[in-house]
Amino acid sequence: MASRRESADPQAFEEVRVVLTGGGTGGHVYPCLALYEMLRRRGVVGEALYLGVRGRAEEEIVPRHGIPLQFIPSAPFAGGSWLGKLRALASVMRGALSSLAWLLRFRPRLVLAAGGYVSAPVIVAAFALKPFLRLRIVIDEQNLVPGLLNQFASLFADLVLVSFKETAYFIWNNRCVDTGYPVRREYLEQGEDPAALRRRLGLPADAFVVVVAGGSMGARSINRALVAALERLAAVDRLYIVHSVGLQASLDYDAVGDTARGIHQVLGERFDAAELVARREDGRVFYRGHRYLDDLYDYQRAADLLVCRAGAGSLSEVLALGRAALLIPKRGLPGDHQEFNALAVAEKEGAEVLFERRDPATGVDQVDAEDLAARIEALAADPERRHRLADNAAALYDRGMEQAVVRAVSSVLEGRPVEFVSQVVEPRFVRFQRNFDSLVKHLAVEGREPSIEQLYRQYYRIKMEEYLAASDYLVVNRGIKLIGALGCRERYPFIRDHFAGFRGYLKRNSLAALHRATEYEPYFADLVRMGLEDGYYETRREAISLYRRFHRELAGRRDLQQQILELLDRRLESWEVRAEAILAAVLFLDEQAFLARMERFRASRRIRLREALLDAISLGLKAERFEDIARVR
């Protein structure tokens, strides 16, 4: 028998009032509204009140849905100084007091929070009033890796709805239900015929339509890359770009103003700043910008290609629509969640990915404009690739999401048992990050799933640059390991320039990274010399190993050979260093000198030295360095 809260009569349960919260960007507002519409449509909840922050996306989006909106103070904790964090804490506490007043006035039975820093004060207030109002707290976490606020807030929640089953690994309670992402209903409906839709929207019927949207507030890196690419894209036959520029208009970044100035610099009189329209040389419109598209889903449905972020919302909308997409994840977010969202879909060939990079000079995130233009050109010319991406994307979306949401929330409201996630799955990237050496080993192996492996290598090349620029030597150490794993010859000079100031194990890892080099560089000799003189035995070992790797190029360096022999003869030297020295000696000593020096190791009490001697003889035989085979035998 169906639960009475899953009945189709919304009037029967209007007493179940709900406070909605979540904001800052449309990526938090839209899923909150989508969940409310699902629950109201199925008769689970009735009247709603939305609590948000003034000046953010919710101020523009929520009123259009006919839901009362009230504002509370709040501020983000991420980044900034300790003073900034204290100010943010004070703002959150003021927001909690304001939320207490609104909750007591509205008297809801359910608080539904979809993330963003506005959620924090509301959840704190709801938890304080829980015994008095019989409140239930439901949190929706859209990203694979939740932010710190949602992790903390989960401790107060009766239920956490997650879009990825792996998210349960990061949540601080065990009350997760895997429902998938709550996209708006219009993304799931059949909609108009594409040709009729294009006519209504004023899009050319035969054009290759690309819709670029970096989120409701706008994405500076995407906007600027698109602007820089427009001259090249103007030459692509039949290309027509619809660009949702963004609502942000602050001292830090004015999305529309910055974009308009940039296009005018690129295209001059071919751009109409008042209309945000750009033309080709022949006068035909090929670009149309919009401050904000309330009906973005119609444009996306009419598009041939989507260019967007990889937040859970944007990603799920791509999957629900079943459209080919180029994802540009925002870097530097908690847990790198957008990058890993994108990689999870790309692994199943449901989208292409283009990563942001941080400009080391300015610290500003950038998207390579030439790469962006090249990707769009390639997809425009390859309909089979686009269709394959679209089909794979559609297959990844779980269309049973609404039923799962209604069942879980109804059960919480009625006090019935909920089927929580029972098996916590450790994401693959967590295994890699937990054991960084496994990641390095994985990246260094060629020949597995070339397209996916290349994508991971692109991502970790960007991470390598971030690590090498860090002030924490432990983080720099990760970057050094990635230099070797990725074979980044252009970053070998970083090792050369900083080697003398490195700690022992950074020197060790630097020499190990250079061991993967495919070509010799003259300064390797100086690094080997410094490594042989180092006080850390593992650095000396790796220095000898690097000599072995390039022994032909270093054959004339008698000073290095003498240092290796001195380490071999040092009685208190580590057996690892002496074993490596045995293997090196066979590469530069003549037959008689080598056999004479090795005589003492034939009966060594250290088995590893006897093994090294046998390995060295084998190496010498292969290199045809022995003539007296009887003596060698």
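Leaving aside its neighbours within four places in sequence, which residues is D254 in contact with? With contact meaning heavy atoms within 4.5 Å, they are Q248, A249 and T259.

## About the model

This is a predicted model, where local features need pLDDT of at least 70 and side-chain atom pairs count only at pLDDT 80 or more, while totals for chains, interfaces and linings use all residues. Residues are numbered from 1 along each chain as its sequence is written, and side-chain values use heavy atoms, with hydrogens and water left out.

## The overall picture

The chain has 27 helices and 17 strands, taken as DSSP runs numbered from the N terminus (helices: H or I, at least four residues; strands: E, at least two). Its C-alpha atoms fill a box of roughly 100 × 70 × 50 Å along the principal axes. Of the 633 residues, 55% are buried; that's under 20% relative accessible area, with exposed being over 50% and partly exposed in between (1.4 Å probe, protein chains only). Among contacts between residues at least 6 apart in sequence, 66% join residues at least 24 apart.

## Around D254

Back to D254, which sits in the loop between β9 (239-244) and α8 (255-267). At 31% relative accessibility, D254 counts as partly exposed. Its C-alpha atom is 9.0 Å from that of R220, 34 residues away along the chain.

For a charge to sit over a ring, NZ of Lys or CZ of Arg has to be within 6 Å of the ring centre and within 35 degrees of the ring normal.

## Rings elsewhere

A search of the whole structure turns up 17 aromatic pairs. Rings of Phe, Tyr and Trp (its six-membered ring) pair if their centres lie within 6.5 Å; planes under 30 degrees apart are stacked, over 60 edge-to-face, and the rest tilted. F594 and F626 make a tilted pair, 5.9 Å centre to centre with 35° between the planes. F594 is in helix α25 (residues 591-598) and F626 in the loop between α26 (607-622) and α27 (629-632), so the pair ties together parts 32 residues apart in sequence. Both F594 and F626 are buried.

Y492, Y520, Y523, F524 and F550 form one aromatic cluster. R496 lies over the face of Y523, at 4.9 Å from the ring centre.

## A helix tucked inside

Helix α11 (residues 337-346) is largely enclosed by the rest of the structure, because nine of its ten residues are buried. Among them are H337, F340, L343 and V345.
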